[in-house]
Structure formats: C-alpha cells, structure tokens
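I opened this entry to record what I looked up, beginning with the metal sites and ending with the chain as a whole.

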Amino acid sequence: MNEAIDLRELALEAGRLVSSEIKLHAGQTIERNTKSSPTDIVTDIDAWAEEKITDFLTTKRPKDEIVGEEGTAIKGTSGVKWIIDPIDGTTNFFYGLPGYTVSIGVAVDEEIIAGVIMNPFSQEEYAAALNEGATCNGSPITVNTPRELSQSLLSTGFSYLPKKRENQGKVLVEVLPNVRDIRRSGSAAYDLSCVASGKVDAYFEYGLNIWDIAAGLILVKEAGGKVSDLEGNFPSGDFVIAASPSIHTHLLNLLQTLSADEV
Ligand code: IPD
Ligand code: CA
Ligand code: CA
C-alpha cells in the first residue's frame, strides 16, 4: 500500500472512534464555551472527540505533527501533519440538526495527501487519498459537470463575526441572481463532501480555518473538482472555492468582482 492510502485508513480508524459517541450527544449537550464570538459555540464533546482522536494518532504515529481546532498543537519530526476538526458544524450538533461531521486531513511536507469526512448522523464516510480517487462508504464519487453557473446549485457559509457576515450577506445578494439557488448547511466539511459527491455543484466561503477544509480539499480534488482561494491559488484556509472545473473560473471571476473577501 502507498503512504496516502495508509494515512487515509488510519484517519478512518480515528474518526470511527468518536463518530457513534458524537451522534449519541447530538441535541443533548450543553454549551461549554464560546470561541471567535459569543455565537460561536464549543461543547464538551468537541473537546472530548479531539482528545480521543489525538491520543489514538500519537500512540500509532508518535513522530507526527497534529493540529486541532480545540487547541491541539503537537510538534512532529516525520513531515506528516494531521489536521483535525473534531466536530465541524457544532451549531448543528448542539441543536440536533443532521449536518455535523468529523473532519481529518493529512499533509506530508505541507501537501494534503489524504482526508476523511465522517457524518455521524447519516453514517456516511467520505475518504480520499492522493491519486487514488474519492469514495463514500467505499463507492467512488465524482463532482457534477454543470454547463453553466446560472444552472448551478451552490452552498456557502457565514462567519461567526458580525462584521464579516455583513459583507457575506451583501455578496450573497449579488450571487443569488446568477445561480440556480443557494444552500447553507452549517458545516464546511459537509459542504465540501457535497461538492465531491455531486449533491451541490459548488461551494464558497470566506473566513474559514484550515481544519474546516483540509480533508474536503483533497476529497473534492480526487472527485474531479477544482479548489482555489480568491486569487486562484491552492486554499490555505481563509477563502475556499470548490467547484466542478466547468464552472470554477466563472464563479471565481464573479466572487473577485464582488470583493468577496472584504471584512
Ligand atoms: C464552522 C462550520 C460552518 C462555517 C463556519 C465554521 P465549526 O465550523 O464549518 O459551516 O460556516 O465558518 O467556523 O465551528 O462548527 O467547527
Ligand atoms: Ca469547523
Ligand atoms: Ca469544530
């Protein structure tokens, strides 16, 4: 087996350690803290899941670097870096809505080469490894190939910071007349799994972090999609556009015109 496949399998094992337990607490847990703003919730289960995944990975691969949304920052020497969002879509999880995911990406020398996005509610396991394609529960998935942006279903998300949201609202007003419709799931990782599996045609969002998107970026790429930031470069976290290659340039141009990364 190659390294990317080995790492993908380990990511799946790690995600499975927490997935069922997370589902048991959906809609049943209390707010522990807030993060970027008073509306940005964290629960005990977010912290528990990150610790469980991290403990597993450090036992299996003690020389790897690990970063996680809930504060994990373990230095490594192997060149392998794990990027974890233990629950992406915590607001959905807190309210008991279905769209929350466990997202684990793996980079080697800063290139993302494997990723898994697990949906505890639907029990879907999305997985990808570099040059090995993307799958959902083991079956291959591909992005859609819409002919035009005007006939495309898009998803997006909003920052927890009121000022950023204000601009995101303005951008959306301009995007809406140019597309079929818009969805807002509440989990960036889930949104990326939807692009990869053709449940939406494209996704864009401003104000993200690398743990929201690391696994999703390789998933979309391996499913035949194109990912970029607002400059057209590979996303580093803050801005992501993920789409079928047939509409990516059109969407990128539209979002550039709208200055979609203004605060
Ligand atoms: C959030 C979700 C949401 C996105 C926010 C993220 P969290 O992550 O991915 O869809 O719009 O920007 O912060 O806080 O639920 O892990
Ligand atoms: Ca997140
Ligand atoms: Ca999270």
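I began with the calcium ion (ligand 3), which in this model is coordinated by Glu69 through OE, Asp85 through OD and Ile87 through its O atom, at 2.3 Å. I note before going further that the model is a predicted one.

I then wrote down how these donors are placed along the chain, and for the calcium ion (ligand 3) they follow the spacing E-x15-D-x1-I. Glutamate 69 sits in the loop between strand E3 (65-68) and strand E4 (73-74), while isoleucine 87 belongs to strand E5 (residues 80-88), so this pair ties together parts that are 18 residues apart in sequence. I checked the burial of the two residues as well, and both glutamate 69 and isoleucine 87 are buried.

Next I asked which residue bridges the calcium ion (ligand 3) and the calcium ion (ligand 2). I found that aspartate 85 does this, with the two ions lying 3.6 Å apart.

I turned to the calcium ion (ligand 2), for which I list Asp85, Asp88 and Asp212 as coordinating residues, each through OD, at 2.1 to 2.2 Å. The spacing of the donor residues of the calcium ion (ligand 2) in sequence is D-x2-D-x123-D. Aspartate 85 lies in strand E5 and aspartate 212 in helix H6 (residues 210-222), and the pair therefore ties together parts that are 127 residues apart in sequence.

The C-alpha trace spans about 50 × 40 × 30 Å along its principal axes. I compared the radius of gyration, 17 Å, with the value near 18 Å that a compact globule of 263 residues would have, and the two agree.

On burial, I noted that buried residues make up 54% of the 263 residues. For contacts between residues at least 6 apart in sequence, I recorded that 61% join residues at least 24 apart.

I finished with the surface and the charges. The accessible surface of the chain comes to about 11,500 Å², and carbon and sulfur atoms account for 48% of that area. I counted 22 positive and 38 negative side chains, and the centres of the two sets lie 2 Å apart.

Terms used:
Residues are numbered from 1 along each chain as its sequence is written. Chains are lettered from A and ligands numbered from 1 in the order in which they are written. This is a predicted model: local features need pLDDT of at least 70, side-chain atom pairs count only at pLDDT 80 or more; totals for chains, interfaces and linings use all residues. Side-chain values use heavy atoms; hydrogens and water are left out. The radius of gyration is taken over C-alpha atoms; the globule rule is 2.2 Å times the number of residues to the power 0.38. Buried means under 20% relative accessible area, exposed over 50%, partly exposed in between (1.4 Å probe, protein chains only). Contact means heavy atoms within 4.5 Å. Accessible areas come from the Shrake-Rupley method with a 1.4 Å probe; for residues, only the protein chains shown count as cover. Lys and Arg count as positive and Asp and Glu as negative; His and the chain ends are not counted. The place of a charge is taken as NZ of Lys, CZ of Arg, CG of Asp or CD of Glu. Donors are N, O and S atoms within 2.8 Å of the metal (3.2 Å for Na, K and Ca); water is not among the atoms, so sites may look incomplete. Helices (H or I, at least four residues) and strands (E, at least two) are DSSP runs, numbered from the N terminus.
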